[in-house]
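Look over the sequence and the structure first.

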Amino acid sequence: MEREIKLSPVMAKTASEIFAAPDIAPFLGPLERTDMETVYFTDSQGVLEGLKAALRLRRENGVSVCCFKMEKAVGRALSERLELSCEAPDIKSGAHDLALMPEMPESAKNTLLNGELLPVCSCVFTRTHGVFEKDGLSFVLSYDTGELSKGKAKGSICELELEHVSGDISLMEKLADDICAKYGLSPCSLSKYQRAMALMDTDEKAL
């Protein structure tokens, strides 16, 4: 289960200040950098869209990972999604392996096994991330910067994420509230997939 708070847009200068803040930096582990290239897929029958689910194939520093996400609940700032993933060389084999996982909802299994899966949008970004640990709370603090695309339409990625690992999640929510108040930021409930799908391709405008 993915439980995260996303803040967007966040400019690089502001992100640097947050990572270096005195209530964050002393509790933040070594930072890592991951280059991400993602293609999102839907099915020709619209089953995944109806389930509010996203299927993606992502290269993470050269490793190909297939991931299924389905929205479970959205709070004021906290998003909660079912997240299942596996290494896979292509979308067909990845969707097959995901469908066989016991946690996969029955409503999505047949589509992943037999549906026609079509690429619909993509994103390319760099993630800078580290693990925050304090008072039993652990979460991944990350900053993503890059580009969304749908056909010829483009959009920017510049967002901060707090992804819960363990401990009292209310402490993470409070820290996110404090960050928003101090830096004038706002939570964003839309995923990269949702924002990419909202882009208006110039070819679509002509229809």
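Arg81 is buried, with a relative accessible area of 7%. Buried means under 20% relative accessible area, exposed over 50%, and partly exposed in between (1.4 Å probe, protein chains only). The model is predicted: local features need pLDDT of at least 70, side-chain atom pairs count only at pLDDT 80 or more, and totals for chains, interfaces and linings use all residues. Residues are numbered from 1 along each chain as its sequence is written, and side-chain values use heavy atoms, with hydrogens and water left out.

Which residue forms a salt bridge with Arg81? The partner is Glu2, and the closest N and O atoms are 3.4 Å apart. Glu2 lies in strand E1 (residues 2-7) and Arg81 in strand E5 (residues 78-87), so the bridge ties together parts that are 79 residues apart in sequence. Glu2 is buried too, with a relative accessible area of 3%. Helices (H or I, at least four residues) and strands (E, at least two) are DSSP runs, numbered from the N terminus.

## The salt-bridge network

The structure holds 17 salt bridges. Each is a side-chain nitrogen of Lys or Arg within 4 Å of a carboxyl oxygen of Asp or Glu. Side chains of opposite charge can pair when their charged atoms come close.

Lys6 and Glu159 form one of them, at 3.2 Å from N to O. Lys6 sits in strand E1 and Glu159 in strand E8, so this pair joins parts that are 153 residues apart in sequence. Both Lys6 and Glu159 are buried. Another bridge runs from Lys192 to Asp144, with the closest N and O atoms 2.8 Å apart. That pair links distant parts of the chain: Lys192 is in helix H6 and Asp144 in strand E7, 48 residues apart. Lys192 is buried at 5% relative accessible area. Asp144 is buried at 0%. Bridges that share partners join these residues into one network: Glu2, Glu4, Lys6, Lys69, Arg81, Arg127, Asp144, Glu159, Glu161, Lys192 and Arg195.

## Rings and lysines

Lys192 has a further contact. This lysine lies over the face of Phe125, at 4.7 Å from the ring centre. A charge sits over a ring if NZ of Lys or CZ of Arg is within 6 Å of the ring centre and within 35 degrees of the ring normal.

There are three aromatic pairs. Tyr40 and Tyr193 have ring centres 5.2 Å apart and planes at 45 degrees, so the pair is tilted. Tyr40 belongs to strand E2 (residues 32-43) and Tyr193 to helix H6 (residues 192-197), so parts 153 residues apart in sequence are tied together. Both Tyr40 and Tyr193 are buried. Rings of Phe, Tyr and Trp (its six-membered ring) pair if their centres lie within 6.5 Å; planes under 30 degrees apart count as stacked, over 60 as edge-to-face and the rest as tilted. Ring pairs also link Phe27, Phe132 and Phe139 into a cluster.

Lys150 lies in strand E7 (residues 137-150). At 12% relative accessibility, Lys150 counts as buried. The Lys150 side chain reaches the backbone oxygen of Met197 at 3.1 Å.

## The buried side of H1

In helix H1 (residues 12-19), Thr14, Ala15, Ile18 and Phe19 are buried. They cover an arc of only 135 degrees around the axis, which puts them on the same side of H1. The arc is that of the directions from the helix axis to the C-beta atoms. An α-helix has 3.6 residues a turn, so residues three or four places apart point the same way.

What covers the buried residues of H1? The cover includes strand E6 (117-134), E7, strand E8 (153-166) and helix H5 (169-183). Contact here means heavy atoms within 4.5 Å.

Notes:
A polar contact is a pair of N or O atoms within 3.5 Å; within protein, one must be able to donate a hydrogen and the other to accept it, and residues adjacent in sequence count only if both atoms are side-chain atoms.
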